[in-house]
Amino acid sequence: MKNIIQIALGLLLPFGCLGADGFVIKGKVSGIISGYVSIVAPAVEGAAKAPGELPERVRIVDGAFIFAGSVAQPEVVELKVSTRTVRILLENTEYTVESSLQDLTGKHFKGSRLNDQYWDYMESKSPPLTYVADHADAPISAFLVHEFTRDLADVQKGYDLLSPSNKASYWGQEVAARLEQFKTTAAGKVMPDFSMTGPQNEKFSIGSMRGKVVVLDFWASWCAPCRAFIPTMREYYKAWQPKGVEFVAVSFDDSRAKWIQAIAETGMEWKQGLVDGGFGADSPVKNKLNIKSIPHVIVVGKDGKIAAWLDYSMKSKLPEILSRLAP
């Protein structure tokens with residue numbers, strides 16, 4: 001898993017060994033004779049992240065367990081306790097949890113101010129920015145703006161709602177950096193050029209397609225939501241390719257072999273390209289284009305300018321955009 005950089009597990013692990021550098025979850029959950037605790041996935045909706053090493057699971061003995069490790073920064077994860085999966089905001093601190101397995105929720109994990117605030121937000125059932133407006137000073141608000149705003153207008157609105165301390169926090173600074181990136185990726189800006197390699201090792205660039213409407217569909221073979229979107233993209237391709245629209249599937253795969261295999265499995269008829277650098281934190285194309293999750297679609301007009309920047313929550317707008325650009 002992205003951000004999990006160290007896992008140290010064991011029922012005899014002393015609490016003092018990680019301190020502020022890691023997390024420790026000490027649990028006593030009734031209704032379990034034996035089983036395991038493990039982190040199964042990041043929990044933020046739509047965030048298809050590059051695969052990495054999951055923490056090792058730890059055994060539950062008579063309902064008791066100690067699960068320890070560290071995260072690069074706080075993140076929402078799904079924690080599986082025996083047969084029950086709960087959602088918590090995991091940070092490098094000490095947690096305790098006492099509950100029956102039947103009643104267990106993420107709210108039962110005590111010791112993290114951020115997790116308490118996250119569950120206050122969850123139970124409020126408020127839209128993220130509504131909650132932020134009412135809790136500008138709460139540290140969770142910077143996290144909510146970071147995770148749940150996508151287009152320029154919402155990111156700017158969310159950032160403006162934050163208190164000065166939240167703007168200076170890790171997440172607040174990440175939101176500020178995203179606003180800077182929008183200066184080069186917002187609609188109307190010239191599309192940054194980049195190169196990719198086709199299945200036959202042919203090189204081509206975005207600049208070489210100037211004069212056409214181009215749909216760039218960013219994906220990876222390991223991204224399940226990306227693959228699920230392919231049948232929909234195929235319908236768009238059939239409708240607009242005859243009108244001169246160029247479709248390009250741009251892969252963030254690290255493995256060329258897995259990329260080639262996925263092309264064959266999905267049967268994509270349109271142009272394929274693989275970029276260097278994968279989807280990691282140092283990915284040049286990902287960072288240049290301000291892409292936080294995939295699938296992600298960017299539409300480039302005939303003038304070489306960005307016509308639309310569509311993350312997973314906005315990609316349904318593609319037909320409307322193409323109808324305007326290629327009627």
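Here is a short walk through this predicted model, from the whole chain down to single residues. Local features are given only at pLDDT of at least 70 and side-chain atom pairs only at pLDDT 80 or more, while totals for chains, interfaces and linings use all residues. Residues are numbered from 1 along each chain as its sequence is written, and side-chain values use heavy atoms, with hydrogens and water left out.

Let's begin with the overall picture. The protein chain has 10 helices and 15 strands; these are DSSP runs numbered from the N terminus, with helices being H or I of at least four residues and strands being E of at least two. Of its 327 residues, 49% count as buried, where buried means under 20% relative accessible area, exposed means over 50%, and partly exposed lies in between (1.4 Å probe, protein chains only). The chain exposes about 15,000 Å², and carbon and sulfur atoms supply 52% of that area; the areas come from the Shrake-Rupley method with a 1.4 Å probe, and for residues only the protein chains shown count as cover. Among contacts (heavy atoms within 4.5 Å) with a separation of 6 or more, 65% link residues 24 or more positions apart.

Now for the interior. A nonpolar core is a set of buried Ala, Val, Leu, Ile, Met, Phe, Trp, Tyr and Cys residues joined through side-chain atoms within 4.5 Å. The largest one holds 74 residues, and Phe-194, Phe-218 and Phe-247 touch the most other members. Helix 7 (residues 224-240) gives the most to this core, with seven residues. A second, separate core of 22 residues includes Ile-39, Phe-65, Val-77 and Leu-79. Looking beyond neighbours within four places in sequence, Phe-194 has contacts that include Phe-204, Phe-218, Val-250 and Leu-289.

Next, some backbone details. Most residues other than glycine have a negative phi, and most peptide bonds are trans. Asn-290, not a glycine, has a positive phi of about 60°. This residue is found in the loop between helix 9 and strand 14, and Asn-290 counts as buried at 0% relative accessibility. The loop between helix 9 (284-288) and strand 14 (296-300) also holds Pro-295, which a cis peptide bond joins to Ile-294, with omega about 5°. Asp-62 has a positive phi too, near 50°, and sits in the loop between strand 4 (58-61) and strand 5 (64-71). Asp-62 is exposed, because its relative accessible area is 52%.

Finally, visit Ser-99 in strand 8 (residues 94-100). Ser-99 counts as buried because its relative accessibility is 13%.
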